[in-house]
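Colleague: I am new to this structure. Please take me through a single part, slowly enough that I can follow along.

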Amino acid sequence: MKMVLFFFLMIRRPPRSTLLPYTTLFRSQAPRSGKDETIQLRFAEEMRDITIGVIDDDLVIQELIKTAFSDTDWRVKAYENGRKFVDDLENETFDLIFLDLQMPVLDGFGVLAYLKEKKVEMPVIVLSAVKERDTVVRAIRSGARSYLTKPISPGGIFKKTTEILKRNF
């Protein structure tokens, strides 16, 4: 019985010498093309002068987003409701905005409708405690590029921001 099992194992497993080229092939990475490196360098240069808008009535969230970008030279401007943001939009330009959906005066859906009506093109990341599928779908259809649910860490905010900005680059 032992001899049959040993013979079966010898047939099923190829010798190590034949596995070596395949393991090194799968472990190695493809070399980066010059085009990829050029895009990365241009993106890094363009990311120096970024302005981010935060439209949220929660001061803790405003500070959390400011903290997420504290190690960068990026400018973060916070608004406590959608009306103040919309009024200031004539004087300011933003590379990206974080938007809460539930706020007094003018809520997030009102801001999204205003941006669509005025044909203002800027990436919007909705940052909300609302997790219902219908709300998420409505926000994305209204023009949001991404939807994050609270609570979230500064690292998660920074990662999502760079992901969205790279997509727009």
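**Strand β3 and its neighbours**

Modeller: Strand β1 (residues 51-55) and β3 run parallel, joined by four bridges. Strands pair here if DSSP finds at least two bridges between them. Helices (H or I, at least four residues) and strands (E, at least two) are DSSP runs, numbered from the N terminus. This is a predicted model: local features need pLDDT of at least 70, side-chain atom pairs count only at pLDDT 80 or more, and totals for chains, interfaces and linings use all residues. Residues are numbered from 1 along each chain as its sequence is written, and side-chain values use heavy atoms, leaving out hydrogens and water.

Now look at I97 in β3. Its bridge partner is G53. I97 also stands opposite V124 in β4. Strand β4 (residues 124-128) pairs with β3 in the parallel sense, over three bridges.

Next, the side chains of β3 (residues 96-99). L96 and F98 point one way. I97 and L99 point the other way. All are buried (under 20% relative accessible area; exposed is over 50%, partly exposed in between; 1.4 Å probe, protein chains only).
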